[in-house]
Amino acid sequence: MNTLAVKELLYKMADDQLILGHRNSEWTGFGPLLEEDIAFSSMAQDKVGQSQALYQLLHELGEAEPDTVAFTRNADQFHNSQLVELPNGEYDFSLIRHFLFDTAEALRFEMLTQSSFEPLAKLAKKIQGELRYHTMHANIWIKQLGSATEESIGRLQKSLDEAMPYALGLFENSEFESDLISSGVFAGEEELKSKWLEQVEKIIDQTQLTLPDVLTLTPKTGGRAGIHTEHLQPLLDEMSEVFRIDPTAEW
């Protein structure tokens with residue numbers, strides 16, 4: 001097993017969860033409905049907890065402790081996709097991002113239950129239940145609002161068109177892709193993307209939305225290599241404020 005390959009995989013997964021967890025937490029107190037306020041807050045808590053578990057696996061492979069890894073790196077040291085760092089915008093954009101990301105994440109962890117890296121396979125099996133709730137929540141609202149009023153359909157379509165190139169960046173291949181596949185650690189980003197497109201299309205087909213033609217889109221990549229938008233560093237500064245004041249604080 002190539003340890004560098006496993007670390008790269010764990011870092012990008014953990015960083016995705018941590019950053020989107022923080023973004024989702026920004027809906028606390030601002031949700032369009034009380035139920036949605038609670039739902040996004042709950043999913044944010046899940047994602048931060050999932051990121052902590054992944055950072056712990058990294059720690060066991062020789063990386064720094066989870067708090068240090070999560071709160072002391074700069075933007076160019078993070079491996080998250082650009083999709084998760086984008087501002088929440090209106091609820092329609094956050095909902096579309098939630099749908100696109102969590103569909104991919106649920107499939108990723110399902111694939112990882114078969115990983116040859118046993119600690120990750122065990123964690124994937126444990127997390128699956130939480131992810132089923134996340135995808136169920138997203139699917140219900142996409143199908144409902146994507147078939148409701150002219151305004152709801154139009155707003156979701158605009159957000160889907162904006163988010164799709166960034167969502168394709170979730171599947172950016174790493175330099176260790178062949179190592180991960182050949183060692184059985186992970187079946188690969190291309191296989192994940194294929195499963196994801198099939199599932200996304202299945203849900204969108206149940207609405208009045210139109211899935212953009214992915215063959216005509218330019219994926220927004222670079223996040224896995226530390227290339228980010230201007231939105232990530234301010235988010236990290238805010239997220240790490242308490243830790244920088246008191247490194248003994250627990251999360």
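1. Met13 lies in helix 1, where helices are DSSP runs of H or I with at least four residues, numbered from the N terminus. The model is a predicted one, in which local features need pLDDT of at least 70 and side-chain atom pairs count only at pLDDT 80 or more, while totals for chains, interfaces and linings use all residues. Residues are numbered from 1 along each chain as its sequence is written, and side-chain values use heavy atoms, with hydrogens and water left out.

2. Met13 has 1% relative accessibility and counts as buried; buried means under 20% relative accessible area, exposed over 50%, and partly exposed in between, with a 1.4 Å probe and protein chains only. Beyond its neighbours within four places in sequence, Met13 is in contact (heavy atoms within 4.5 Å) with Leu54, Glu105, Arg108, Phe109, Leu112 and Leu120. The C-alpha atoms of Met13 and Phe109 are 9.9 Å apart, although 96 residues separate the two in sequence.

3. Asp15 is also placed in helix 1, which covers residues 3-25. Is Asp15 buried or exposed? At 0% relative accessibility, Asp15 is buried. Setting aside neighbours within four places in sequence, its contacts are Tyr55, Arg73, Phe78, His79 and Asn80. Asp15 and Ser51 are 36 residues apart along the chain, and their C-alpha atoms are separated by 6.8 Å.

4. The largest nonpolar core has 70 residues, of which Leu100, Leu120 and Trp196 touch the most other members. Such a core is a set of buried Ala, Val, Leu, Ile, Met, Phe, Trp, Tyr and Cys residues joined through side-chain atoms within 4.5 Å. Helix 5 (residues 91-112) supplies the largest share of this core, 13 residues. Not counting residues up to four places away in sequence, Trp196 touches Leu100, Thr103, Ala104, Leu107, Met164, Ala167, Leu168 and Phe171.

5. Helix 5 is mostly covered, with 21 of its 22 residues buried. From first C-alpha to last, helix 5 reaches 31 Å, close to the 32 Å expected at 1.5 Å a residue; the expected span is 1.5 Å times one less than the number of residues.

6. Tyr91 is buried, with a relative accessible area of 13%, and its C-alpha atom is separated by 13 Å from that of Ala163, 72 residues away along the chain. Phe93 is buried with a relative accessible area of 9%. Leaving aside neighbours within four places in sequence, Phe93 is in contact with Leu86, Pro87, Asn88, Ser159, Glu162 and Ala163. Phe93 and Met111 are 18 residues apart in sequence and 27 Å apart from C-alpha to C-alpha.

Methods: Helices (H or I, at least four residues) and strands (E, at least two) are DSSP runs, numbered from the N terminus.
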